[in-house]
Amino acid sequence: DFGVQALISFELQQLFPSIPLVAEEDSTFLKSSNPDDNSGNVLIESISSAVADKVKNSGSPLTHDDVLRAIDRGGKDAVSFDSNPATYWVLDPIDGTKGFLKGDDALYVVGLALVVNGKVAVGVMGCPNWTNGTTANKKEENLDPCPGNGILMVSHVCCGTWSRHLSPEIGQFTTAQDVWKRCFVDACSVVHMARFCIPDSQTWNMIPLSVLFDSTTDESDTRDENKILLRYACCGSLCKYIMVASGRASVFFSRARVNTQIKAWDHAVGMICVQEAGGQISDWSGEPLDLAADLTGRRILYPSGGVLVTNGALHDKLVELISANYK
């Protein structure tokens, strides 16, 4: 997380020095280690070494302080906004860190969005471990917008959402798999036939629709009007957005919980990727997510009930069902 944030911060600072960064990490943890414990210095050294190998820097060699400042450029105290329209980047250096720590096949995501006047204008997500078989059965493999290992998904307002195979070296277009392909949400318009996903930390009975539908995670189960298919293949929010934007899932539910903040970087880039693929995002009351609700920090979202991400065709019906069953 620290290394990715430092690297992207360096690149954005060089390319767009006037645009501030809102990101998940800051260097407080790195600086707060016990002076008698050398682990903090070892971690800083490791991060600095990794970043120095990647960053485009024509000046003097990077110091540890340079790297810490780059991390803090996106930290909570780096910039203070007001009620005026603003342009800024939103970065999640690794969404799904817990999954990332578990093994090589975790579907973690690096996500970056550009917000302009309260709306996401540009978004890019990378999921290195996305494969043909990600959350799909054999009948669906031909629907994969980005065959092969890894997916790079980009979106620009009014230009659609596009994806390609994530090459070992970014920028190397050497095979047919590297062709950019347009992404579209699925066309499902019947609730019980939709494919749902929820955060790994939540269960189906936390979702209002659970009073109307049972759930199954088995693709081969016979579904009727009282049962839906629930997919548990991802480790973070942004991978669920990739699933909806690529047509692999129809709906992503996330419930707001007491004492748990919903962070902008967990949703901003996913919002534009789904919207430009034909989908829709709102809170559970049907209102758009307000990226400026956290007036000074632009770090926290306050959706009523939770976040609802759909293919668009199901959105109004699901808002109606939530309103009728959510207390």
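This is a predicted model: local features need pLDDT of at least 70, side-chain atom pairs count only at pLDDT 80 or more; totals for chains, interfaces and linings use all residues.

Colleague: Which residues touch the most other members of the largest nonpolar core?

Modeller: They are Met125 and Tyr241, in a core of 43 residues. A nonpolar core is a set of buried Ala, Val, Leu, Ile, Met, Phe, Trp, Tyr and Cys residues joined through side-chain atoms within 4.5 Å.

Colleague: Which elements give two or more residues to this core?

Modeller: They are β2 (87-95), β3 (109-116), β4 (119-127), β5 (151-156), α6 (237-245), α7 (268-276) and β15 (306-310). Helix α6 gives the most, with seven residues.

Colleague: What is Tyr241 in contact with, leaving aside its neighbours within four places in sequence?

Modeller: Its contacts (heavy atoms within 4.5 Å) include Met125, Phe252, Met271, Val307 and Val309. Apart from this core lies another, of 20 residues, among them Val191, Val251, Leu308 and Leu318.

Colleague: Let us turn to the open sheet of six strands. What is its order?

Modeller: The order is β9-β10-β8-β11-β15-β13, with mixed pairing. Two strands pair if DSSP finds at least two bridges between them.

Colleague: Which strands stand at the edges?

Modeller: Strands β9 (214-216) and β13 (280-283) do; each has a single partner strand, so one side of each is left without a neighbour in the sheet. The twist averages 30° from one strand to the next.

Colleague: How many bridges join β11 to β15?

Modeller: Five bridges join β15 to β11 (residues 251-255), and the two strands run antiparallel. Phe252 has Val309 as its bridge partner in β15, and Arg255 has Gly306. Strand β13 is also antiparallel to β15, through four bridges, with Ser282 opposite Leu308.

Colleague: Is β15 mostly covered or exposed?

Modeller: It is mostly covered, since five of its five residues are buried. Helix α7 packs on the sheet and touches β13 and β15, its direction making about 135° with that of β13. Helix α8 (residues 315-325) lies across β8 (195-197), β11, β13 and β15, and runs at about 150° to β15. For such angles, axes are lines fitted to C-alpha atoms, for helices over the stretch in contact, and angles run from 0 to 180 degrees between N-to-C directions.

Colleague: A change of topic: how many salt bridges does a search of the whole structure find?

Modeller: It finds six. A salt bridge is a side-chain nitrogen of Lys or Arg within 4 Å of a carboxyl oxygen of Asp or Glu. Asp72 and Lys31 form one of them (3.3 Å, N to O). This pair links distant parts of the chain, 41 residues apart, with Asp72 in helix α4 (residues 64-72) and Lys31 in helix α2 (residues 28-31). Asp72 is partly exposed at 24%, whereas Lys31 is exposed at 51%.

Colleague: Where do Arg69 and Asp66 lie?

Modeller: Both lie in helix α4, three residues apart, about one turn of the helix. An α-helix has 3.6 residues a turn, so residues three or four places apart point the same way. Arg69 counts as exposed at 53%, and Asp66 as partly exposed at 21%.

Colleague: What about Arg195 and Asp186: buried or exposed?

Modeller: Arg195 is buried, at 12% relative accessible area, and Asp186 is buried, at 14%. Their side chains meet in a salt bridge of 3.0 Å, N to O.

Key: Residues are numbered from 1 along each chain as its sequence is written. Side-chain values use heavy atoms; hydrogens and water are left out. Buried means under 20% relative accessible area, exposed over 50%, partly exposed in between (1.4 Å probe, protein chains only).
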